[in-house]
Amino acid sequence: MSHEEDVGSEHPAEGTPAVVQRDLLVRVAQGDQRAFSDLYDQVAPRVFGLIKRLLRDHAQSEEVTQEVFLEIWQTASRFDPNKGGATTWIFTMAHRRAVDRVRSSQSSRDRDTRIGIRDHKVDYDHVSETIEVRIEHERVERAMTQLTELQRQAVSLAYYGGYSHSEVSELLSVPIGTVKTRLRDGMIRLRDELGVTS
Amino acid sequence: MTPRGADLTGLSAAYALDALDAADVRAFEAHMDVSAEARTEAAEFADTAALLGLAVDPETPLATLKASIMAQLASTPQVEREPDARFSGRAESIAQARWFSRPVRALLAVAAAVALIVGGGIAVTTINATTSQQASADRLAAIYAASDMTSIKTTMEGGGEATLVYASSLATAALIVDGMHSLPPDKVYELWYINDDGARPAGMLNVGADGTTWCVLEGTMLHGDSVGVTVEPRGGSTTPSADPVLMIASA
């Protein structure tokens, strides 16, 4: 490509965030810093929001966000559009990095004290900035109501709390096998409610 | 215990939620290589988890963060496209990129892996890590990441534990010991690959004051080799001069 254009306006029919992010990632893989900058602007608030949700600490969240974006830059060539969406690729990386950090000795020390006072549900009451985000909120909120209380607890502790299944087992005082079952049943129901198909 | 077979498919949700410990992650990723069902379910759950992530309130980080990241791009090398399609887009390839592109991180990962194997207690000092230690860490990481990694744990005479980890696909082995006696300064522990043809020297094992260490063996591991350790005069020997104090047969 000899010149750079806004991907969104170049392909208005395909201008959904997922498609835009996919195209940007493909360009990032070719070393395109402008595309990386655009991709950052698109996803950084959500990536940072998720990471901060898990870590709480602002400075650590910025560190991990930086790690994630440098990893996106480094490994963009391994993103395969045929095998999954760009959004999933980025959020999988962000969540994993945040969980790595949350489990490191430094942050784990105060986790037990946090558990009692933390709300592991999505902050639904917060006024969201964009209609798009609000729609995601509502979709997930609605899907979450289809889970049993125990499934919801297990999924929330794992995803939003960053707890391992053995930690979830201790926190909920149920056998680890039960946690696995709840996580799986909960995720199956969420998947179906959210209309995810491969 | 690491679950097997059908039980592994049941880990797909916990995998997508990053709720598995390292051993289960490896077991599940190996399972995905052979199970289309597990791959499909993991992909669907990854999409589902991403939607959970998208539902979190966004927060725009400070502009300085972007500036800092952009400033690092020029000096941050990008990895080549993964030639083996099996790995592309997979968490495994991400893990590999992490392990091999960042030596200090690899060392930390290895320290975690080693701690996992011996049950804690081994400290790897990253700040003072030498280049050779980092190279060893990379090699241990490679063994650990290999799909055919095998781990054999044994109890040593006089207490302590030794674990042999190896990957036939890499012809490389590493030994991790915990609770090994320290030696007087004129003696060393020497490592050997041993088979019916005899013993081939495989480097020295430097045991710290706390009796713990790990070491990637030198040379090539042949199929069916056992790994032995003998006490030798300082500087080592070309053939073992005493009975092994430790001997582990590969599977």
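Start with chain A, where helix α3 (residues 33-55) and α5(A) have axes that come within 10 Å and cross at roughly 35°. This is a predicted model, in which local features need pLDDT of at least 70, side-chain atom pairs count only at pLDDT 80 or more, and totals for chains, interfaces and linings use all residues. Residues are numbered from 1 along each chain as its sequence is written, chains are lettered from A and ligands numbered from 1 in the order in which they are written, and side-chain values use heavy atoms, with hydrogens and water left out.

A word on terms: helices here are DSSP runs (H or I, at least four residues), numbered from the N terminus. Axes are lines fitted to C-alpha atoms over the stretch in contact, with angles from 0 to 180 degrees between N-to-C directions.

On the α3(A) side, the contact (heavy atoms within 4.5 Å) includes A:Leu39, A:Val43 and A:Leu50, and on the α5(A) side A:Ile90, A:Phe91 and A:Val102 are among the partners.

Helix α4 (residues 58-75) of chain A also packs on α5(A), which spans residues 86-103. Their crossing is right-handed too, and A:Trp89, A:Met93 and A:Arg97 are among the α5(A) residues that meet α4(A).

In chain B, α3 (residues 22-34) and α4 (residues 36-54) form another pair. Their contact includes B:Phe28 and B:Met32 of α3(B), along with B:Ala38 and B:Arg39 of α4(B).

Here are two of the pairs by axis geometry:

| Helix pair | Axes come within | Crossing angle |
|---|---|---|
| α4(A) and α5(A) | 10 Å | roughly 135° |
| α3(B) and α4(B) | 6 Å | roughly 120° |

Now for the chains together. 60 residues of chain B are in contact with 74 residues of chain A. The area buried between them is about 6,300 Å², of which carbon and sulfur atoms give 58% (buried area is the accessible area, with a 1.4 Å probe, that two parts lose on being put together, summed over both). B:Asp18, B:Leu54 and B:Gln78 supply 11% of what chain B buries against chain A, more than any other three residues.

There are five salt bridges between the chains (a side-chain nitrogen of Lys or Arg within 4 Å of a carboxyl oxygen of Asp or Glu). One salt bridge joins B:Lys66 to A:Asp41, with the closest N and O atoms 2.8 Å apart.

Technical notes:
Helix = DSSP H or I, 4+ residues; strand = E, 2+ residues; numbered from the N terminus. Left-handed = near helix turned anticlockwise from the far one by under 90°.
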